[in-house]
Amino acid sequence: MVTATAHSPLREFTAGFARDRIAVAAFVALCLILFAAIFAPFVSPQNPYDLAQLDIMDSKAAPGTKAGAGFTFWLGSDDQGRDMTSAILYGLRISLGVGVASTLAALALGMAIGLASAYAGGWLDNLIMRLVDLQLSFPSILIALILLAVVGQGVDKIVIALIAVQWAYYARTVRGAALVERRKEYVDAARVMAFSNLRIVFRHILPNVLPAMIVVATVQVAHAIALEATLSFLGLGMPITSPSLGLLISNGFAHLLSGRYWISFFPGVALLVTIVAINLVGDRLRDVLNPRLQSHYGI
Amino acid sequence: MLTFAFRRLLQSVVVLFIMSALVFAGVYAVGNPIDILINPQADQAEIAAATAALGLDLPLWRQYWNFIAGAFAGDLGKSFSANVPAVKLIFERMPATLELALAAMVIAIAFGIPLGLWAGLKPDSIPGRLIMAGSILGFSLPTFWVGLMLIMLFSVWLGWLPPTGRGQTVMVLGVPVSFFTWDGLQHLFMPALNLALFKLSLLIRLTRAGTREALSQDYVRLARAKGLSMARVVRVHVLKNIMIPIVTVTGLEFGSLIAFAIVTETIFAWPGMGKLLIDSINVLDRPVVVAYLLIIVLLFVVINFLVDLAYTALDPRVRISGRSA
């Protein structure tokens, strides 16, 4: 089908994205989640970590109970009398922050190593790629566990672990893409102009592989968030002072057997919705931006 | 084939050595186990005696040397807290983990392949769409949270299944197994289902993608034109051809099942080696952590090696390209 009007790339992209209604819904959900996470202090009924605002008389309230302070525990409260809605919004902040920060850092690191590897070639390329193969042959949770067993706990430690888990994947992807780009004519042209290798890699090849890498990174944010939540649940992730969604779920575990499901249930739902929304948006981005790019198992 | 196997084996040994050094050097950096093990009221002399008894006063390279020499003799040190050989502790726990992983794999295969076939044969039908939506959900659900919700549903609300622990076992060839008692199966069901969920989603997608690809091939159309029944075409022509990727992935994923069992075992208090690892990390029981990691690395190297061999045996194309390389 031929359309008469000419479109800017951005409009074409937006139209392509909007053709999938589920992806649009996911995008809207993701925007709402991001908004709620960023503005958590303004939208949540209480500051869940200000002890002065907590009332022990409100502890373990079922969803829908009125709090002593006047507002309603729509999602119940935990054993400290903390409003779960507020705790989830603050937790989302931490989970998203850790997920996005670690993914961006891993992306930068992985791309630098991958590009260097592609450009250097020879034994260095071989060594780096063997290392990448080695790391990717182990599940990410195992690598993260080993690292956390070594370096201990803390926000910085878990970010380091998440970076270490992710970099190899980006390095391999960007290397593959860079090797394809290297054979193209514009790189030959740049070389004829006697530009330095460094300039060719960063000014010519990098901008051309970046869109594909951003798509990969979007989906990886969801993995990072899920992994962080799992590690926090195991007690090896976030410290008690930065309660992410995983830690909230873990806290609720103790009350599960007495039937107080809401302390674990709702943070899990928030986690699930976030992960699904990111995955759907990422999948759609991939389809629109780069139909050739495939997921892990080629499906 | 033999050269390939030998080269691959050599690679595996190198990987094992690198990993052992990394793991040892890494775990050595964790805190000082003496602080945790010894009575806080102990004086300097007692602390020094305990340090020497555990070999912690030697330089790092000597400790590694002792460790490697011991590893070849099957001795990876004594657990600081239980005071029994770490390897013995892990091997005691291993059957429980393997049983869990095996049960999860059986569930994933028994449901994943038929559901994937269905979704692949009828991709636009309502069940086909539902199966795919379910598998997308299965990919996104955080495993540990699903575990909690399973306990909530089956143990707290319905009261059908015990929430934690391993049930009654029967000794089979000197190994405790829970497959043969009702109590054992009851305890096994939830953790196995929890662990299986992710692999189930993966197998559904793999089978579906493979089936759809195979259906568009000429040999399937020929078989249909020949007048063969759809059932026979699926069984003989489609299934046989999609088995190669499925066998490979299933093999590779078995290792990751054992790794992910760490999470499931922690939720369901399943007495496997994953739970042992988490407990040991929490009390800084260094020899157990190192032994666990080494055993799991060994397991992975062996699995990857076997899968590579199986792949080469199953798919002649790999053999030919391997020979020319």
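## Conventions and model

Helices (H or I, at least four residues) and strands (E, at least two) are taken as DSSP runs and numbered from the N terminus. By this assignment, Leu197(B) lies in helix H8 (residues 182–215) of chain B.

The model is predicted: local features need pLDDT of at least 70 and side-chain atom pairs count only at pLDDT 80 or more, whereas totals for chains, interfaces and linings use all residues. Residues are numbered from 1 along each chain as its sequence is written, and chains are lettered from A and ligands numbered from 1 in the order in which they are written.

## Confidence in chain A

The average pLDDT of chain A is 82, and 92% of the residues score at least 70; pLDDT is the predictor's confidence in each residue, from 0 to 100. Over residues 293–299 of chain A the pLDDT is below 50, and this stretch has seven contacts in the model beyond near neighbours in sequence. Two residues are in contact if their C-beta atoms, placed from the backbone, lie within 7 Å.

## Chain B and Leu197(B)

Chain B comprises 13 helices and two strands. Its C-alpha atoms fill a box of roughly 85 × 60 × 35 Å along the principal axes. Of the 325 residues of chain B, 36% count as buried; a residue is buried if 20 or more other C-beta atoms lie within 10 Å of its own, exposed if 12 or fewer, and partly exposed in between, with C-beta atoms placed from the backbone. Among contacts in chain B with a separation of 6 or more, 70% are accounted for by residues 24 or more positions apart.

Leu197(B) is buried because 23 other C-beta atoms lie within 10 Å. Leaving aside neighbours within four places in sequence, Leu197(B) is in contact with Gly138(B), Leu141(B), Thr143(B) and Val146(B). The C-alpha atoms of Leu197(B) and Phe179(B), 18 residues apart along the chain, are separated by 20 Å.

## Contact between the chains

Chain A and chain B each give 33 residues to the contact. On the side of chain A that touches chain B, the elements giving two or more residues are helix H6 (140–151), helix H9 (197–233), helix H10 (245–256) and helix H11 (262–289) of chain A. H11(A) gives the most, with seven residues. By class, this side of chain A has 25 nonpolar, eight polar and no charged residues. Ala, Val, Leu, Ile, Met, Phe, Trp, Tyr, Cys and Pro count as nonpolar, Asp, Glu, Lys and Arg as charged, and the others, Gly among them, as polar.

A nonpolar core is a set of buried Ala, Val, Leu, Ile, Met, Phe, Trp, Tyr and Cys residues joined through C-beta atoms within 7 Å. The largest has 155 residues, and those with the most contacts inside it are Tyr170(A), Ala104(B) and Tyr292(B). H9(A) supplies the largest share of this core, 17 residues. Beyond neighbours within four places in sequence, the contacts of Tyr170(A) include Ala106(A), Leu107(A), Met213(A) and Val216(A).

H10(A) is mostly covered, with nine of its twelve residues buried. These buried residues pack against helix H4 (84–120), H9 and H11 of chain A together with helix H7 (143–157) of chain B.

## Positive phi in two loops

Ala194(A), in the loop between helix H8 (185–192) and H9 of chain A, has a positive phi near 65 degrees. Ala194(A) counts as exposed because it has 7 C-beta neighbours inside 10 Å.

Ala269(B), in the loop between helix H10 (230–268) and helix H11 (273–282) of chain B, has a positive phi near 50 degrees. With 13 other C-beta atoms within 10 Å, Ala269(B) is partly exposed.
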